[in-house]
Amino acid sequence: MTSNVTKAKDSCHCIIAKRMDLEKHQLGPEGDGLGSYAANAALKTGSAEVRPQAETHPNNFAMFLRKYRSWALSALISLGLVLLTWPAKLQTRAQGPVDSGRVFARSEPPRQSTGLTDVVQWDNYTLWLQGQRVFLHSGEFHTFRLPVPDLWLDIFQKMVGAGLNGVSIYIHWGLTNPAPDVLDFNDWRALQPIYDAAKQAGIFVVLRPGPYINAETTAGGIALWVTTLTSSELRTNASDFEAAWKPYIHGIIDATVPNQITNGGPVIAVQIDNEYSQEPIERAEYFAQLEATYVAGGVVVPLTYNDPGEGANFINGTGAVDIYGLDSYPQGFDCSNPSVWNPVTTNYHAYHEEVNPSEPFYMPEFQGGSFDPWGGPGYDACEVLTGPDFQDVFNKQNWAANVKLLSYYMLYGGTNWGGIAFPGVYTSYDYGASIRESRVLSPKFDELKRQGLFLRSTPEFRKTDWIGDSSTGIPGISATNPDVFITLLQNPDTGAGFYILRQADSTSTDSINFQLTVNTSIGQKTISGGFSEGITLNGRQSKVIVTDYSFGNFNKLLYSTASIFFAGVIGDQDVIFLYNDIDEGSEFAFGSITVDIAPNSLTGLNPLFTHQNSTAPLVLWADSQTVATFWAPVIPSTGDFGSFWQFGSNTTVLIGGPYLVRNATILTSGELAIRGDLNASVPLTLIIPDSVSSVSWNGEQVDITRVQNVPGLWTGQLTLKANASAINIPTLANWKFKDSLPEVQPTFDDSIWTTADHTKTNLPAPLFGDGRVLYGCDYGFCENTVLWRGHFRGSPSTTSVNLTINGGTAFAASVWINDHFIASTGSSSAEQTNALYTFPKGSVKVGQDNVITVIQDGSGNDEDAGERSPRGIPGFQLTGGTFTTWKVQGKLGGYTNYPDKTRGVLNEGGLFGERQGWHLPGFDTSSWTKRNFSQSLPSSPGIGFFVTTFDLDIPSDVDAMLSFVFDDIDQPYRALLFVNGWQFGKRVANLGPQTKFPVPQGILNYNGENTVAVALWVLESTTVTPSLQLVLDDVVDGGVGPIAVNNPRWSPRSPS
């Protein structure tokens, strides 16, 4: 080895750079050195040597030491690892735990509370829980969009694995209060399983029960019966609206009060309504009514609000909440050009200082993806629009605004099954989120975890003053390139500095380099980002440069251009884990030690120092991809909050390699019991305390080997057992068929249908007709498919009918006279259509009863001011005649008496097959016709049901993600997909974009028979060729545990 060594009294500067001719350096017996991670982030060790993979690693590396005191080069291993000895006498800060006030010593600002409890408080910086300051780092998850309670823990565990400590949850009024005086908090609508799973995972809950939630759901979550049975303006202090919501809110209160943090539960806040304005006064008084109801019912945690942008609503005055927040979606909701960005919002800090400086800065919703409209580009494009680069720049811009309560909408989107969606979105609510609809982790999850574990590891970041930015100027701070934008936050107690850097043009894709002058406790320092041209911002990138960063019990990082993934204590050892992109240089310093890492030098995991004193830290460095393969699970303690980081446990370990680590426990025997998921066989890397004597993975012992000279570092191997090819995914065959449109046949009797004879409505007034109101919800049929039959006596002059049909954006309708098809209608952009439907020659029966049949597929109610959506027939006029009777039929029983209480009020519609229960498991189709689904209907247009069954036998120790996939051909058909009775897909083949419909375990029976039914509606007189297959999207070893199936079978139904 060649080294260049010079001596000085007080400093050491270590440079890691490319060097040649190091082929002879080998690992000694029992792995006395370390190699780099390979491409799969595996730490290579061996008894003889480690050989590089030429395609992923530089040839060799060397370290140069200069200006050092008491240094010894311990070992130099090929593949990029350099292991240095920490000087025996070096201390980077005083021994013993840090006195948080020892540097700047400033008194704490006064705390505020609800006046009902001190367990939850807040000041102008952050929330306080149980006397501890906390950065609330949260994500949105709607349990009603994943109606399998046993899978909620899966989502919570993934969120906690990413370093989050909070979850924001909407509750849907319309699903839990389906009819007046009917509350249904059973099955997947129950709140207690939410709280239990959150507590088990160790994540706090901000509950958002509305009554209005928006959420791209029908009527914004308002119970649909309310839109027609109340007459006053919704979301005001009107007595009829108050009477409507109060039973629902009391149900929320009854389930939530015992689960508040004050009672050992996870609920720390409750939001009042959502996205509204404080004027006129009736709206403010509505908020005041809600707040009084919560307080009277025993809610003592803060009441919060989510403002739609910078509206300054409900901060002061009538209806003001305890903690105000705003939402932000800087990229909007058009994913068509995912590489085109809007710039960051630059006035958030100033806005907060202006409107509520005495409260912490709260963002209840920050863009975590985007919804996609009918005909849109699909959610993969939304993932790109809001991808890791967006998270890097825009999330950290929020940090730069001093936001300390931050929740991403969505973290997991889920599925708009049944009639959940509002007209603007289709079945999938994937949202391009960090956890995709199938529950697979996206590349965004890696960036979320890199940020989340930094925030979890950094108590000093919980309390920061905004010092200034490039627009205001920061005394003593400068960069050599004007294209970099700097914001400085500083902890007023410790002096820790956080320099948040981005490009001045946040949309720029150019790469810039610069040197940065910063303030430290030992004076100004100009840092250049390692053995390189300077600190690099590679296009859409942001960095947090820290100064005087305290970590563990004994140590401080003077500054670092490398990012911090983890900092803390493992066992008795201070540990800091730094990372950077492989093509960027890094520079960091501990007191008098400076380390430079050249671009394209080190890859994988690189422990950098061995120790000669008990207070020296373990310093780890890795590239950005490698670091994302590591997890830092909470090692739980006992008590109500034993699984909650900071509040029940500050004990953790580092685990590298697995696809997911769900939890880890150190047993009294010394065993580290890890549970998680694998998607490949991987080397296992552990940083663990000396108290650990053995390791198990999902209950099976794992052989591990200690790596010499690196305290706490062990390696092993995890072997994948799941084999996707071994999981049998059946072909969907043996279909049975039956026509589902008897309503257009001459013999059909609609005498038991509801007579549509209302002349008054609380919905918008009809446009034209004879005064009768033809809105489905006025007759108890508020969602999904509704059928109308208008009777008239025919005459030679009766030649056409003028109809305005309203179903919401992307609706469809077909119009028949007697058994003659006239036309279908619909719109991708308008909520209703108007047309003159001319009767085919010979279709009118002169002197007899004739029937106009309208089959209308509604797409939900609008949100905001459009909740009272006039779904139905707002206008009708018969040419040459008058209608004698109108009949209407929606789902069996309407919202007051629907039979399927398990799947709920929004699952079914009014198709004949739905009313008969043909979609349910156990319905006897033995007398039906055999017909392949690809053969479509025997004659078009029309509606028919196809039903088949299939068996699954998937091992219990795997998590398999399955989807149903339709053809991707533009064809004039719509199809409802029912899986074991649950409507889990609406395919609109002439509009799109969705063809793949994920269906989770719990809806699917992974160990038994499954029933799939498709209601196929062909809209035109043409041949269509649909197809449907079941596919395996992903499979991992592990999973969250047993998943219960709750799919009630068919039982006889009354005729309709």
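This is a predicted model: local features need pLDDT of at least 70, side-chain atom pairs count only at pLDDT 80 or more; totals for chains, interfaces and linings use all residues.

Mentor: Happy to! Residues are numbered from 1 along each chain as its sequence is written, and side-chain values use heavy atoms, leaving out hydrogens and water.

Let us begin with the cysteines. A disulfide is a pair of cysteine sulfur atoms within 2.5 Å, and searching the whole structure turns up 2 disulfides. One of them is formed by Cys335 and Cys382, whose sulfur atoms are 2.1 Å apart. Its angle about the S-S bond is 105°, and the link is right-handed. Cys335 sits in the loop between strand S13 (323–328) and helix H7 (348–355), whereas Cys382 belongs to helix H8 (residues 379–385), so this pair ties together parts 47 residues apart in sequence. Helices (H or I, at least four residues) and strands (E, at least two) are DSSP runs, numbered from the N terminus. Cys335 and Cys382 are both buried.

Next comes the link between Cys777 and Cys782, with 1.9 Å from S to S. The torsion about the S-S bond of Cys777 and Cys782 is about 80°, so this disulfide is right-handed. Cys777 is buried, and Cys782 is too. If you number the bonded cysteines of the protein chain in sequence order, the pairing reads 1-2, 3-4.

Now for the rings. Rings of Phe, Tyr and Trp (its six-membered ring) pair if their centres lie within 6.5 Å; planes under 30 degrees apart are stacked, over 60 edge-to-face, and the rest tilted. By that rule, the whole structure holds 66 aromatic pairs. One of them brings together Phe876 and Trp886, with ring centres 5.4 Å apart and planes at 65°, so the pair is edge-to-face. Phe876 is in strand S50 (residues 872–879) and Trp886 in strand S51 (residues 883–889), so the pair ties together parts 10 residues apart in sequence. Phe876 has a relative accessible area of 3% and is therefore buried. Trp886, at 0% relative accessibility, counts as buried as well.

Key. Buried means under 20% relative accessible area, exposed over 50%, partly exposed in between (1.4 Å probe, protein chains only).
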